[in-house]
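Here is a short report on one protein model. Keep the sequence and the 3D view open while you read.

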Amino acid sequence: MKVIDVCFSTSLLDTKDCQNDFFSSLPGSVKEAILACLPLRDAVRTSVLSKHWRHSWTRLPHLKFDSTLWPQLSANEDSAFLTCIRRIFHVVLNHEGPMTKVTLSIPGFPGLKGCPEIDYLLLTLSKSDVEDLKLHIWSGSLLYRLPSAFFSCHKLKHVSLCSCLAHPPLGFAGFSQLLSIVMIDVSIDPEHLGNLVASCPLLELLKLKVFPAHESVLDIHAPKLKHFHILSRIKSVCFKNTPLLEQVSFLDREKYEEHSMQGDFKLVELFSSLPALRLLRIESNFTKGIAAGGIPTSASLRAAHLSSVRMALFLDDLVGMPFVVFLLRISPNLKEIKISHIAGAGNISEKLHLHSLDVEEYSDVKLDQLRVVEMKGFAGARNEVRLAKLLLIKSPRLEKMVIRANAKVCAEKQLLILKKLIRLPRPSPTAEIIYE
């Protein structure tokens with residue numbers, strides 16, 4: 001917008017020669033900078049301003065086809081869909097410069113499982129220099145099947161897919177330049193997914209919400225991978241060649257619970273495969289996966305680089321607390337811990353596991369680098385208080401412990417909890433307990 005402001009102000013100063021078309025005489029690069037600030041719909045409309053502007057929009061490197069291009073169309077009419085496609089084709093077929101970044105976000109229309117119009121569009125893009133492709137097709141219960149042309153976009157560096165069915169063709173050699181893959185609501189066979197990842201030697205980011213078979217295992221071979229995030233209904237993930245992986249997230253939202261992990265993870269093997277791990281995020285159903293593999297009461301391995309852990313789990317069962325203690329044992333360089341206590345379903349008394357947290361039993365827990373602790377959903381349960389006590393005693397450099405109370409806890413009980421917390425011993429002279 002600064003370019004537009006400067007150009008507009010300059011034209012106003014030239015009052016002596018109002019007949020000169022100042023904007024039309026601008027260099028092509030400046031015109032393209034102005035057009036880049038506009039929605040694609042408005043950028044195309046500038047072609048009617050004058051012959052000098054007629055083809056300026058055709059050289060825009062970033063084309064964004066979204067609701068700004070067809071805001072008034074109904075998503076329930078086939079004619080509306082065809083209108084969308086015609087407008088997209090008009091832009092693509094008249095485009096003259098390289099298309100390095102393309103966003104295609106189409107509202108849900110019936111019958112998108114097979115769509116020759118979009119297939120042809122992707123075929124056209126496969127012959128261009130597209131490096132960044134976002135393909136988001138909101139098709140409800142139907143998934144748009146990616147054509148083989150998509151897998152021929154060999155210059156891709158960033159890909160984001162939503163609501164698609166992916167089946168790489170035979171002979172697919174991978175994307176040699178790809179740096180990031182985001183798949184949301186994508187159906188893909190786990191073996192194909194593993195092969196796809198392995199065939200992208202430069203891949204650094206992998207974000208998945210995919211729907212493979214329930215009992216499947218996902219193998220990750222990605223020597224350059226640094227960020228891995230997954231929310232999927234799979235048995236487990238096996239990291240076989242990920243020496244640079246720094247951030248790992250095993251996510252589980254309540255509304256996606258039917259697609260959560262239900263298999264087994266062997267913790268020692270998992271952390272041994274992640275030597276560069278710095279940030280770990282897990283949510284409740286991950287503990288179901290590690291229960292079958294067992295939780296060691298002691299471990300010789302060390303997650304030497306792990307500095308931040310964020311967990312949302314149920315502490316009052318046979319898995320939650322042992323897993324937290326396991327993480328404390330293997331992570332001597334933790335600087336930040338954030339824990340959200342999720343209330344368990346059913347009869348809690350049947351699940352309650354009062355994990356022993358006597359300090360003398362945990363001489364191998366060293367948290368000398370821990371600075372910040374945050375505990376959410378705190379209801380004053382014995383395991384919660386015991387964990388807070390252990391973290392305080394084992395953290396000589398702790399700066400603050402933030403306790404966020406469970407919204408269902410009455411004010412009277414909150415006061416009792418606060419009194420109990422402030423009486424806990426803490427070797428750090430600067431440790432502050434903040435109760436909210």
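**Salt bridges**

E374, K376, R404 and E436 are linked in a network of salt bridges. A salt bridge here is a side-chain nitrogen of Lys or Arg within 4 Å of a carboxyl oxygen of Asp or Glu. This is a predicted model: local features need pLDDT of at least 70, side-chain atom pairs count only at pLDDT 80 or more, and totals for chains, interfaces and linings use all residues. Residues are numbered from 1 along each chain as its sequence is written, and side-chain values use heavy atoms, with hydrogens and water left out.

Helices (H or I, at least four residues) and strands (E, at least two) are DSSP runs, numbered from the N terminus. E436 has 46% relative accessibility and counts as partly exposed. R404 is partly exposed too, at 29%. The cut-offs are these: buried means under 20% relative accessible area, exposed means over 50%, and partly exposed lies in between (1.4 Å probe, protein chains only).

How many salt bridges does the structure hold? The count is ten.

D129 lies in the loop between α5 (116-126) and β3 (132-137), and K155 in the loop between β4 (144-145) and β5 (158-165), so the pair ties together parts that are 26 residues apart in sequence. D129 is partly exposed at 33% relative accessibility. K155 is partly exposed, with a relative accessible area of 42%.

Is K209 buried or exposed? K209 is buried, with a relative accessible area of 8%. D185 is partly exposed at 23%.

**Backbone**

Most residues other than glycine have a negative phi. D185 has a positive phi of about 55° although it is not a glycine. S163 is also not a glycine, and its phi is positive, at about 60°. S163 is found in strand β5. Its relative accessible area is 6%, so S163 is buried.

**Positive patch**

Which residues gather in a patch of positive charge on the surface? They are R382, K413, K419, K420 and R423. Patches are made of residues with over 30% relative accessible area and no salt bridge; like charges are joined within 9 Å, and nonpolar side chains (Val, Leu, Ile, Met, Phe, Trp, Tyr) within 5 Å. Helix α12 (residues 411-422) gives the largest share of the patch, three residues. K413 is placed in this helix. K413 is partly exposed, at 41% relative accessibility.

R426 is in the loop between α12 and β17 (432-435). Its relative accessible area is 32%, so R426 is partly exposed. R426 and P396 are 30 residues apart in sequence but 7.5 Å apart in space, C-alpha to C-alpha. Leaving aside neighbours within four places in sequence, R426 is in contact (heavy atoms within 4.5 Å) with L392, A431, E432 and I433.

**Enclosed helix and overall build**

Where is helix α9 (residues 320-330) placed, enclosed or open? Eleven of its eleven residues are buried, so α9 is largely enclosed by the rest of the structure. Among them are F323, F326, L327 and R329.

The protein has twelve helices and 17 strands. Of its 436 residues, 45% count as buried. Among contacts between residues at least 6 apart in sequence, 66% join residues at least 24 apart. The accessible surface (Shrake-Rupley method, 1.4 Å probe) comes to about 21100 Å². Carbon and sulfur atoms hold 54% of that surface.

Technical notes:
Lys, Arg positive; Asp, Glu negative; His and termini not counted. Charge placed at Lys NZ, Arg CZ, Asp CG, Glu CD.
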